[in-house]
Amino acid sequence: MSDHSQPSPTDHLAGAHLDFSKEMSYGDYLGLDGILTAQRPRSTSHNEMLFIVQHQTTELWLKLMLHELTAARDCIKRDEVSPALKMMARVARILEVLTQAWTILSTLTPSEYGEFRDALGRASGFQSHQYRMVEFILGNKNAVMMEPHRHHAERLRGVSELLQSPSLYDEIARWLARKGFALDRWCIERDWSQPYRRNESLEAAWRRVYADTGRYWDFYELGEKLVDLEDGFRQWRFRHVTTVERIIGYKRGTGGTSGVAYLKQALDIQLFPELWHVRTTL
């Protein structure tokens with residue numbers, strides 16, 4: 001007769017290390033004690049946990065975006081385009097995750113949000129220093145946006161540094177100039193803290209690239225990675241607006257902004273205007 005004995009439920013664990021009393025475990029490596037105790041609801045509402053986790057995980061993804069975008073900018077500064085392309089592609093994927101994540105928050109109904117909204121006080125995503133840093137490194141500069149962070153020296157320092165330094169797009173423009181494209185001096189050396197405005201010489205450079213992609217493939221690929229980034233960023237912003245309108249309508253935000261009306265204004269911002277306009281002029 002054949003042996004029909006069943007393997008022990010623990011057989012597949014043979015060789016697995018199980019004693020971590022003197023070694024680093026998975027939880028130790030990730031600092032899970034700190035991460036998983038950082039959710040401290042300020043109300044008795046069951047639904048506040050969703051709101052906290054949604055925003056905390058967003059901040060973690062923003063941290064990774066900053067890690068990748070600053071590294072990509074520094075690579076371009078050193079004429080190392082290939083690794084920058086990979087980093088930018090990764091950020092585009094992060095934006096896809098963040099956009100999809102709004103569908104989880106959208107399960108929060110107006111009445112459920114009302115159960116704990118007062119507990120937020122004046123706290124608002126408008127005050128996210130990491131989001132502001134992402135906007136600044138992508139070129140959407142506005143010195144007024146530093147004000148909510150003046151009470152916190154370390155956060156203010158990070159936001160201020162990115163306000164004052166060239167954005168990723170600025171460094172790409174400087175790289176194009178180093179590669180022989182004729183750009184206005186304003187593209188190469190200016191007050192980086194000022195809002196970016198569309199420049200005809202840079203648009204002409206991109207037009208040249210897109211008109212002869214075979215000759216300028218590396219430049220073309222970089223341009224398309226920028227378009228991917230902005231496309232993803234726009235979708236994230238749009239989903240944000242829709243989710244907020246779904247939950248609070250046109251009420252003012254907890255941070256004092258006009259809420260949906262404020263968020264809708266951001267939908268009109270173009271981070272890399274030349275790359276969008278050149279599609280019309282080609």
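**Reading ring pairs and helix packing**

At 13% relative accessibility, F219 counts as buried, in a model that is predicted.

Visitor: Which aromatic residue does F219 pair with, and how is such a pair read?

Guide: A pair of aromatic rings is described by the distance of the centres and the angle of the planes. Here the ring centres of F181 and F219 lie 5.3 Å apart with their planes at 65°, so the arrangement is edge-to-face. The two residues stand 38 apart and link distant parts of the chain, F181 belonging to the loop between helix 8 and helix 9, and F219 to helix 11. F181 is buried as well, with a relative accessible area of 5%.

Visitor: How are W206 and Y210 arranged, and are they buried or exposed?

Guide: W206 and Y210 also form an edge-to-face pair, at 6.5 Å centre to centre and 70° between the planes, and both are buried. Because they are 4 residues apart in helix 10, about one helical turn separates them.

Visitor: Which residues lie over the face of W276?

Guide: R234 lies over the face of W276 at 4.1 Å from the ring centre, and R279 lies over the face of W276 at 5.9 Å from the ring centre.

Visitor: How are helix 6 and helix 7 oriented to each other?

Guide: Two packed helices are described by the angle between their axes and the distance between the axes. The axes of helix 6 and helix 7 come within 8 Å and cross at roughly 10°, and the helices are therefore roughly parallel to each other. Among the residues making the contact are M133 and F136 of helix 6, and V159 and L162 of helix 7; by class, the contact has 6 nonpolar, 2 polar and 2 charged residues.

Technical notes: Residues numbered from 1 in each chain as written. Predicted model: local features only at pLDDT ≥ 70, side-chain atom pairs only at ≥ 80, totals over all residues. Heavy atoms only, no water. Axes fitted to C-alpha atoms, helices over the stretch in contact; angles between N-to-C directions. Parallel < 35°, antiparallel > 145°, perpendicular 65-115°, else oblique. Contact = heavy atoms within 4.5 Å. Nonpolar A, V, L, I, M, F, W, Y, C, P; charged D, E, K, R; others polar. Phe/Tyr/Trp six-rings, centres within 6.5 Å; stacked < 30°, edge-to-face > 60°. Buried < 20%, exposed > 50% of the residue type's maximum accessible area, 1.4 Å probe, protein only. Lys NZ or Arg CZ within 6 Å of the ring centre and 35° of its normal.
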